[in-house]
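Hi everyone, thanks for coming. Let me put the structure up on the screen, and then we'll walk through a few parts of it together.

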Amino acid sequence: MSKALVIVESPAKARTLTRLLGDEYRIEASVGHIRDLPDNASEVPAGIKDKPWGRMGVDVENGFRPYYVVSRDKAGRIRDLRAAVKDAPEVLLATDPDREGESISWHLREVLKPNVPVRRIEFHEITIEAVRKAIAEAREIDLQLVDAQESRRIVDRLYGYMVSPVLWKKVQTGLSAGRVQSVAVRLIVEREEARRAFWTSAYWNLEAQLRAGETSFTAALARIGSARLATGRDFDPATGELKDAKMLMLDERATGELRDALAKRLPWSVTSVEERPATQAPYAPFTTSTLQQEANRKLGFSADRTMNAAQRLFQEGIISYHRTDSTTLSDRALREAADEIGSLYGPDYYGGPRQYRTKVKNAQEAHEAIRPTDFTRTPNRLSQHVGRDESRLYDLIWKRVVASQMADARLLRTKLEITAEGPDGPCVFTATGKAVQFAGFLRAYVEGSDDPAAELGDQETLLPKLEVGDLVSADGVLALTALDVKGHETSPPARYTDASLVKRLEEDGIGRPSTYASIISTIERRGYIWRQGKALIPTFTAFAVTHLLKEHFAALVELGFTGQIEENLDEIAKGERKRDEFLTTFYNGDGGREWPGLRTLVENEVHIEYPAIPLGKHPDSGAPVVVRIGRFGPYVQIGQGEDAINASVPDETPPADFTLESAIALAESRARGPASLGDDPASGLPVYVMTGRYGPYVQLGETPEKGSKEKPRRASLTRADSEASLTLARALELLSLPRVVGHDPNSGEEITTNFGRFGPYVKRGDDFRSLASDAAVFEVTLDDALELLKQEKQSRRTATKKVLRDVGTHPASGLVVQLIEGRYGPYVSDGVTNASLPKDMSTDAIAIDTAVELLAAREGAPKKGRARKTVTKRPGTPRQAPASRRPATRKRPA
């Protein structure tokens, strides 16, 4: 008897369903999208190549009809699926329960064209109960959801393909623009601009170290007379001045004099004791956004790493669907959480049932919050086949959702005021404390913070039991043990991290939380940002692109623009707006009322000038100092025309750290020519220290004229060297490289050490090995070098690639399969064969079965010749549809 066919996206999901359903159904995976708009010129169908819109694959002249192509990578999969359909009495499309999943189901139906009934099933967790219920409630494909997803795809295609070429012409070849990514880059750039504009202000106060019995605590000077002492929040970040002239600001000298005076005026007295009971409610269960934020804060995971781990947990049936902006829980989940709380913590700790409502813009609350599928599966009972990332993330998810149903924490907040009589009036010191009287949900979970100072402040701080009138003396019951002068500086706004950027994007309704991981990954891969620890730092290229877009395409990067797009897509999904009307307005405008249309904006690009990032004017000449983007990266320019002075800006220079003064010093140093360290005693040639695109280096001899084949000897400075302290002896040591360590006793080959692009290394012939430190280049012995060369070689590509994770072991070869971020995007590799991920496939979806299929398809692919594409034009007739580092900051002038 033939079996009904169930089609899902990923092999991992198919494997879990097979385990649940047994032999009752045949489960197959599409391995992501099976077709999409053409990705490059070679994929554009011949019939539309000569059309002005042909390269986009969207007919903007006739109802925005998309032209879909099936890639070579999916041809074999489609062939297998068609064969499976022929043997099935029914096809159940079980793709993910969102718009993208609905779209994949529609494409499967359109391509496979089954002659048997086709129904759509959706479930938000992979459990036998949820899957059985979904099969029983199978429905037709929701074409309104398909329209909404297709509209999103077309809008993003039009935006990217029409705006990106402007960036190629005006900024740099190879750049890209995107509806959400460009706004995200704008936010990161504007935060860096705020750091550049920030004026650091210094202020001082006193801290009294006190002890009562076994308890020590600190009280800070808060008021002198009726005047409150200024703190960091009282200064204007743009000027460094106090916002309120009534605030009192002490300098170091005045604070020191006050300390000396107060130390002689003991005893002080306790003048106020305030105790205030407080409650703290638990946090809502995780949504996609809050999970990404908390995993970044607590685990240090990037958004992409979080979603990868969550995807695997979902596909294994361990958590519910992880792409959701809902905070609600099902009745069954509420009951299971209550049982687990009673069992683990006792009945006093249960505070539910609690339901939460999200407060973010454009929320779609059809799904549940992210939760375990089985609450009795505590983190320490999670099966061993789950990886470390998955285990750590599940620990967060389980604790958060359990804590959400627990009782409020009961706290006691205390504030003390201690007054000393000063020379200019009473000096009031304050101390605050927090005691946990009943932990409640804090037994299970404490939320992280983007602000380390705030997180520290959330910790329990105990103060001694004091009463008004208690005296402070040098050696009494309440003793002053120290009185310290404390200097402070205001801090610039913190750079965005994955967590804070995701939070900002969601708050402003920019894009969808399910796309944030790929957005951050994309802007990093395309050179708009780089990472310094958790901080996301924009490049000068990001500055140039953002300035251009804000000046000439302001509407496209307005913070509310993508939110409006999302609202329109929601309306399409609900049947409240027509797809064609929305796309026509987006492309052609609204008739001059508010939105000019994408086409009009791009047609005016001939008037756009090459963008420059202004830093200010030269204090002597008044010439403008700017940063521009050239063929080889950013460079600083002073003046214009033939008299302009240019100098390359070293890579990975945080823009907020690149001040007017440092730009002038860099350019003028280049104009003066290299600084001489002296002459080489052996050759008599001068030794110079110079700066290039990749940082400082030393050079032996003069720089030859352009076109000369002679190249002077050069050597980059190491991380331990600096231009200011570099000596002639050290420069000659660097220029002496490569260092001959000795010869191989077997082959006679010379063994040398040197510094390369990827760090220090030892070399024998064409065989390289990395050295552990810079110093090893000059210190490693022949025996050590020979031992190192015996070790397994790591290729340059392996050394520089970013391994995202081990996917698993290849069932046939036994080789370890890895997911790797390469120069041209993510790919899987078993060390022998590499296979790029289809552009529509998220790294989330890669399990070992998926990877094996991709590798098998690659192994069987022809080595030469262009791939043939299957082209499908969207039908023109409308479908009947059924009824979402801190910068070198400026000091405040004296």
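Predicted model: local features only at pLDDT ≥ 70, side-chain atom pairs only at ≥ 80, totals over all residues.

Let's start at Gly-630, whose bridge partner is Gly-633 in strand 20.

Which strands make it up, and in what order? It is an open sheet of 4 strands, ordered 18-19-20-21, with antiparallel pairing. At the edges sit strand 18 (613–617) and strand 21 (645–648), each pairing on one side only. From one strand to the next, the twist averages 25°.

There is a helix to look at here too. Helix 15, residues 540–552, lies across strand 18, strand 19 and strand 20, and its direction is at about 100° to strand 18.

Let's move to a pair of helices. Helix 8 (residues 288–299) packs with helix 13 (residues 498–507) at an angle of about 160°, and their axes are 8 Å apart. Angles over 145 degrees count as roughly antiparallel, so that is how helix 8 and helix 13 are described relative to each other. The crossing of helix 8 past helix 13 is left-handed.

So which residues meet there? From helix 8 we have Ser-289, Gln-292, Gln-293, Asn-296 and Arg-297, and from helix 13 Asp-498, Ala-499, Val-502, Lys-503 and Glu-506. Sorted by type, the residues of this contact are 2 nonpolar, 4 polar and 4 charged.

That's my tour, and I'm happy to go back to any view you like.

Key: Residues numbered from 1 in each chain as written. Heavy atoms only, no water. Axes fitted to C-alpha atoms, helices over the stretch in contact; angles between N-to-C directions. Helix = DSSP H or I, 4+ residues; strand = E, 2+ residues; numbered from the N terminus. Parallel < 35°, antiparallel > 145°, perpendicular 65-115°, else oblique. Left-handed = near helix turned anticlockwise from the far one by under 90°. Contact = heavy atoms within 4.5 Å. Nonpolar A, V, L, I, M, F, W, Y, C, P; charged D, E, K, R; others polar. Pairing = 2+ DSSP bridges.
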